[in-house]
Amino acid sequence: MCLNQQRFCECGGSSAFLLFRDNLLGPEVLVHLYCPECRGRALWDGARMLADCGWVLEFDLERARALFDVRGVRVPATPEHIFDEGYLTWQGFSPGDHEVNTRLHQRLAPLIEQDLALYLKSLKEQWLEHVARLKAAGWRKAQQA
Ligand SMILES: [Zn+2]
């Protein structure tokens, strides 16, 4: 099971839905989260931060290392690895994907009783269109999609 969590950025103007693969790392490993509006507050340090389309995640790598060690997980505690391998990352492909997905399901829900096949087809098509837009915009996780 993976823990999901909504986290507000430093300025409180935006929030991101986060995913913690296998619950290995906890929310405390993300020391700071900056949105495009407040990222100016971050003193950039590529050794412990990861940038994604204007957002910046700052990790406590010592804590991540310790948590990996204690659970016997032999992986490098780097921002790229933690993020790309899903140990502490966006739920979906971008900070707001959880909400986008929920709204999409709500919008198409009336179709379920009318035409289930059309519902499933529309759901898949519209989600893929969304992911294609994220990919074009440069979101890191969407590049592998
Ligand atoms: Zn912010």
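Trainee: In what order do the elements of the chain run from the N terminus on?

Mentor: The model is predicted, and its chain holds 5 helices and 6 strands. Read from the N terminus, the order of these elements is β-β-β-β-β-α-α-β-α-α-α.

Trainee: What percentage of the residues of the chain count as buried?

Mentor: The C-alpha atoms fill a box of roughly 55 × 35 × 25 Å along the principal axes. Among contacts between residues at least 6 apart in sequence, 50% join residues at least 24 apart. A residue counts as buried if 20 or more other C-beta atoms lie within 10 Å of its own. Of the 145 residues, the buried share is 23%.

Trainee: Which strands are the edge strands of the open sheet?

Mentor: The open sheet consists of 3 strands with antiparallel pairing, in the order β3-β5-β4. An edge strand pairs on one side only, and this applies to β3 (30-34) and β4 (49-52).

Trainee: What does the twist of that sheet average from one strand to the next?

Mentor: The strands concerned are β3, β5 and β4, which form an open sheet. From one strand to the next, the twist averages 15°.

Trainee: Which residue in β5 is the bridge partner of A51?

Mentor: Strand β4 runs antiparallel to β5 (residues 55-59), and 4 bridges join the two. For A51, the bridge partner in β5 is V56.

Trainee: Is C53 buried, exposed or partly exposed?

Mentor: C53 is found in the loop between β4 and β5. It is not a glycine, yet its phi is positive, at about 50°. Buried residues need 20 or more other C-beta atoms within 10 Å and exposed ones have 12 or fewer. C53 has 13 such neighbours inside 10 Å, so it counts as partly exposed.

Trainee: And D22, which is not a glycine: what is its positive phi?

Mentor: D22 lies in the loop between β2 (15-20) and β3. With 12 other C-beta atoms within 10 Å, D22 is exposed. Although D22 is not a glycine, its phi is positive, at about 55°.

Trainee: What distance separates the C-alpha atoms of P76 and A64?

Mentor: P76 has its place in the loop between α1 (61-70) and α2 (79-84). It has 12 other C-beta atoms within 10 Å and is therefore exposed. P76 and A64 are 12 residues apart along the chain, and their C-alpha atoms are separated by 9.4 Å.

Trainee: Are α3 and α5 roughly parallel or roughly antiparallel to each other?

Mentor: The axes of helix α3 (residues 97-108) and helix α5 (residues 116-137) come within 10 Å and cross at roughly 150°. Angles over 145 degrees count as roughly antiparallel. The relation of α3 and α5 is therefore roughly antiparallel.

Trainee: Is their crossing left-handed or right-handed?

Mentor: Two packed helices are described by the angle between their axes and the distance between the axes. For α3 and α5, the angle is roughly 150°. The crossing of α3 and α5 is right-handed.

Trainee: How many residues of the contact of α3 with α5 are charged?

Mentor: On the α3 side, the residues are V100, L104 and L108. They meet Y119, S122, L123, Q126, W127 and H130 in α5. The residues of this contact include 6 nonpolar and 3 polar ones, and the number of charged residues is none.

Note on methods. Residues are numbered from 1 along each chain as its sequence is written. This is a predicted model: local features need pLDDT of at least 70, side-chain atom pairs count only at pLDDT 80 or more; totals for chains, interfaces and linings use all residues. Axes are lines fitted to C-alpha atoms, for helices over the stretch in contact, and angles run from 0 to 180 degrees between N-to-C directions. Angles under 35 degrees count as roughly parallel, over 145 as roughly antiparallel, 65 to 115 as roughly perpendicular and the rest as oblique. A crossing is left-handed if the near helix is turned anticlockwise from the far one by less than a right angle, and right-handed if clockwise. Two residues are in contact if their C-beta atoms, placed from the backbone, lie within 7 Å. Ala, Val, Leu, Ile, Met, Phe, Trp, Tyr, Cys and Pro count as nonpolar, Asp, Glu, Lys and Arg as charged, and the others, Gly among them, as polar. Two strands pair if DSSP finds at least two bridges between them.
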